[in-house]
Amino acid sequence: MANWRHMETKVLEEQYSPSCWSLRMDKDAVIKAHVKELTEGTQRSRGITHTLLNVSYGSEVGEKLDIYLPSKSIGAFPLLVYIHGGYWQELSKEESGFLAAPLVAKGVAVVAVGYDIAPKGHMDLMVSQVRRSVAFISQQYPLSRGLYLCGHSAGAHLAAMVLSTAWSEYGVKPDIKGVFLVSGVYDLLPITRTYVNLPLQMTEEVALRNSPMQHVQEVKSVFKNCRIVVAVAENDSLEFHRQSREYFQSLQELGLNTSFSVVANTDHFDVIERLCQEEYVLTQMILEVILDA
């Protein structure tokens with residue numbers, strides 16, 4: 001496949017339009033169905049778990065968390081922090097509890113992170129907010145059996161940026177034991193040439209500063225023992241596959257504890273939607289990493 005720098009804008013934009021690649025339904029229908037699945041899944045989770053909603057981790061309106069707790073929430077338990085996708089401009093924590101039920105049933109607390117999406121939020125702010133949310137969770141639950149991050153699409157980008165955080169600036173070093181990056185973007189430069197950047201208004205400087213591919217050395221220095229799973233949907237575009245594989249290879253070359261997975265028979269949307277199912281391959285992978293720690 002041609003280098004993204006040599007692609008015509010139309011071709012590049014198609015590569016970074018995940019809804020164009022679904023084999024299940026057309027591009028408008030798959031987005032509508034995705035929001036419906038996440039919303040209904042979150043409502044189900046809230047109906048069957050003990051929740052702490054709208055917990056503030058900062059002073060801004062958007063800086064809030066939803067926490068889904070196991071029924072036996074006294075004592076130490078692992079926490080999985082979920083960072084939603086939506087190309088940094090859609091979705092919220094209000095649709096991010098869909099994956100809680102099968103995890104909470106196994107004694108894992110789930111935290112859905114809210115952050116200020118574009119155009120209100122810019123890339124530097126979103127990265128800072130997610131980092132601060134993780135620091136806050138670490139401070140609130142100092143006796144937890146470790147933190148685990150899961151991010152989808154833009155959320156995978158933000159989760160990867162958490163791994164390169166200079167935690168001395170936050171006064172805490174979270175005990176992050178595992179990270180699950182699903183169909184993410186790890187080099188933001190191609191995004192600057194697409195319609196996705198219209199509300200973001202990233203310059204190349206901002207894109208480079210906030211690209212996980214530019215910060216893998218920091219990951220090694222901070223989280224060399226953390227288990228990092230890089231996954232991509234089988235029916236994602238070639239650019240999404242390239243980004244995932246290259247980021248995985250960069251981590252692997254540094255000797256980090258990482259693995260790469262192409263999730264069969266999924267597109268960019270149901271690859272994450274299915275986390276509401278205990279038997280789903282990614283759910284099982286997450287539970288195996290957490291419960292075996």
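In which loop is the place of Ser-183? Ser-183 sits in the loop between strand 6 (176-182) and helix 6 (197-200), where helices (H or I, at least four residues) and strands (E, at least two) are DSSP runs numbered from the N terminus. The model is predicted, so local features need pLDDT of at least 70 and side-chain atom pairs count only at pLDDT 80 or more, whereas totals for chains, interfaces and linings use all residues. Residues are numbered from 1 along each chain as its sequence is written, and side-chain values use heavy atoms, with hydrogens and water left out.

**View 1. The residues listed by UniProt under "active site".** The unreviewed UniProt entry lists Ser-153, Asp-236 and His-268 under this heading; positions follow the numbering used here, feature names are shortened, and annotations may be inferred rather than shown by experiment. Although these residues span 116 residues in sequence, no two of their C-alpha atoms are more than 10.8 Å apart, so they gather at one spot. Ser-153 and His-268 are included in the lining of the largest pocket. On a 1 Å grid over the protein atoms alone, a pocket is an open set of points where a 1.4 Å probe fits, with protein on both sides within 12 Å along at least five of seven lines, and lining residues have an atom within 4 Å of a point.

**View 2. Surroundings of Ser-153.** Ser-153 lies in the loop between strand 5 (147-152) and helix 5 (154-162), and at 3% relative accessibility it counts as buried (buried means under 20% relative accessible area, exposed over 50%, partly exposed in between, with a 1.4 Å probe and protein chains only). Leaving aside neighbours within four places in sequence, Ser-153 is in contact with Gly-85, Val-182, Ser-183, Gly-184, Val-185 and His-268, contact meaning heavy atoms within 4.5 Å.

**View 3. Asp-236 and Ser-183.** Asp-236, in the loop between strand 7 (227-233) and helix 9 (238-253), is buried with a relative accessible area of 7%. Beyond neighbours within four places in sequence, Asp-236 is in contact with Ser-183, His-241 and His-268. The side chains of Asp-236 and Ser-183 are joined by a polar contact of 2.5 Å, that is, a pair of N or O atoms within 3.5 Å, of which, within protein, one must be able to donate a hydrogen and the other to accept it, residues adjacent in sequence counting only if both atoms are side-chain atoms. Ser-183 is buried at 0% relative accessibility, and its phi is near 50 degrees, a positive value in a residue other than glycine.

**View 4. Ser-22 and Asp-267.** Ser-22 belongs to the loop between helix 1 (9-15) and helix 2 (27-48) and is buried, with a relative accessible area of 10%. The side chain of Ser-22 makes a polar contact of 2.8 Å with the side chain of Asp-267, and also reaches the backbone nitrogen of Arg-24 at 3.1 Å.

**View 5. Backbone features at Pro-119 and Gln-201.** The peptide bond from Ala-118 to Pro-119 is cis, with omega near 5 degrees, and Pro-119 is placed in the loop between strand 4 (109-113) and helix 4. Gln-201, found in the loop between helix 6 and helix 7 (204-209), has a positive phi of about 55 degrees although it is not a glycine; Gln-201 is exposed, with a relative accessible area of 58%.
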